[in-house]
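Hello,

I am handing over the structure below, followed by notes on what was found in it. Please read the notes with the model open beside them.

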Amino acid sequence: MAQRWQVGDVEITCVTEVAFDVPASVLVRDFDGDALTDELSVLQPDYLTDSMLLRIAIQTFAIRSGEHRLLVDTCFGNDHQLPYFGDLRTDHLTSLADAGFDRSTIDSVVCTHLHMDHVGWNTMLVDGAWVPTFPNAQYLFGSIEYDHWRKREQFDAGLVECIDPILEAGLHRWVETDHVITPEVRLVPTPGHTPGHVSVRIDSGGEAALITGDMIHHPVQIVRHEWASVPDFDPVEAVATRATNYPGLADGRVLVLGTHFNEPTGGHIIRRGDRWTWAAQR
Ligand SMILES: [Zn+2]
């Protein structure tokens, strides 16, 4: 079942593509389970297994804001040759449609950054050709993010499949990292994991939420904000971004939605002395 939250007049639905457990060393470079004795009750069993595997989910957030219907991040997608997963086959599009978000009804697609687990369903394979999955959407691509990936010598083949067909169809729009999408939904720059990384902020009716993207990969990086992620482009900046954003998120008002957080995916960051803790919303 999809998880759903109401934030003022905005409705946010989380649809999971795949969920799995990984050794901590794969994702959180500085992970030290022995240092977590006081926090285990916050993390287990929903986010951390008894044997200290990290529980991870790959998810799309679907948003209704006024007349707009947006998707934030499109997961791995089908038929791409992925590291670890091979050519994944899921019924994610059916799950989105069942949640009320048929692909023809989406008007904006936001990618928090250009990694495969966030752009995969931008396109789909039809008769041997990659075509835009959401034909009536404008795809918002960060210009900083795109420039970063494009200038690398090996622009990942999987990424090309997910981006070039959008450009060829003219469905893209280049945006800055503070772009306002609707009066209630805007991008917030959260660099570090990648240079142009953004989170998505929702403000409506005095209520607020933040979809993290990979600013926070796992709740363990709330109780230990200084623990860097293995795939961070600039781990020092990623840690600094968490440190500067957590005070504003810990005012008790902002619902935090962790893009890779296993269910319960939403909750609140709470100040605890000179650290932070997580209160999942159940
Ligand atoms: Zn990710």
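**The start of the chain**

Leaving out residues up to four places away in sequence, A2 touches T13, C14, V15 and A99; two residues are in contact if their C-beta atoms, placed from the backbone, lie within 7 Å. This is a predicted model, in which local features need pLDDT of at least 70 and side-chain atom pairs count only at pLDDT 80 or more, while totals for chains, interfaces and linings use all residues. Residues are numbered from 1 along each chain as its sequence is written.

A2 sits in the segment before β1. Helices (H or I, at least four residues) and strands (E, at least two) are DSSP runs, numbered from the N terminus. Between A2 and C14 there are 5.6 Å in space, C-alpha to C-alpha, and the two are twelve residues apart in sequence. A2 counts as partly exposed because it has 16 C-beta neighbours inside 10 Å. The cut-offs are these: a residue is buried if 20 or more other C-beta atoms lie within 10 Å of its own, exposed if 12 or fewer, and partly exposed in between, with C-beta atoms placed from the backbone.

**The open sheet**

An open sheet is formed by seven strands, in the order β1-β2-β3-β4-β7-β10-β11, with mixed pairing. Its edge strands, β1 (3-7) and β11 (172-175), each pair on one side only. Two strands pair if DSSP finds at least two bridges between them. From one strand to the next, the twist averages 25 degrees. Helix α5 (residues 143-151) packs on the sheet and touches β10 (138-142) and β11; the directions of α5 and β10 make about 70 degrees. Axes here are lines fitted to C-alpha atoms, for helices over the stretch in contact, and angles run from 0 to 180 degrees between N-to-C directions.

Within the sheet, strands β3 (residues 53-65) and β4 (residues 68-72) run antiparallel and are joined by five bridges. H68 in β4 is the bridge partner of S65.

β14 (residues 198-204) pairs with β15 in the antiparallel sense over five bridges, and S204 stands opposite E207 in β15. The hairpin of β14 and β15 has two residues between the strands, and G205 there takes a positive phi near 55 degrees. On β15 there is also a parallel pairing, over four bridges, with strand β16 (residues 254-257); here A208 stands opposite V254.

R272 has R275 in β18 as its bridge partner. This hairpin also has two residues between its strands, and G273 in the turn has a positive phi of about 65 degrees.

**The core**

The largest nonpolar core has 70 residues. Such a core is a set of buried Ala, Val, Leu, Ile, Met, Phe, Trp, Tyr and Cys residues joined through C-beta atoms within 7 Å. I12, F61, I63, V72, V109, A209 and L257 have the most contacts inside this core. Its largest share, six residues, comes from β3. Leaving out residues up to four places away in sequence, A209 touches W5, V7, I12, I202, V254, L255 and L257.

**Helix α6**

The 13 residues of helix α6 (residues 157-169) should span 18 Å at 1.5 Å a residue, and the end C-alpha atoms are 19 Å apart, which agrees. The expected span is 1.5 Å times one less than the number of residues. At I163 in α6 there is a kink of about 25 degrees, shortly before the proline P165; the bend at a residue is the angle between axes fitted to the seven residues ending there and the seven starting there. L159, E161, C162, I163 and I166 are the buried residues of α6. Their cover includes α4 (116-119), β8 (123-126), β9 (129-132), β10, α5 and β11.

**Backbone exceptions**

Most residues other than glycine have a negative phi, and most peptide bonds are trans. The bond joining Q44 and P45 is cis, with omega about 5 degrees. Another cis bond runs from E263 to P264, with omega near 0 degrees. C75, in the loop between β4 and β5 (81-82), has a positive phi near 65 degrees.

Regards
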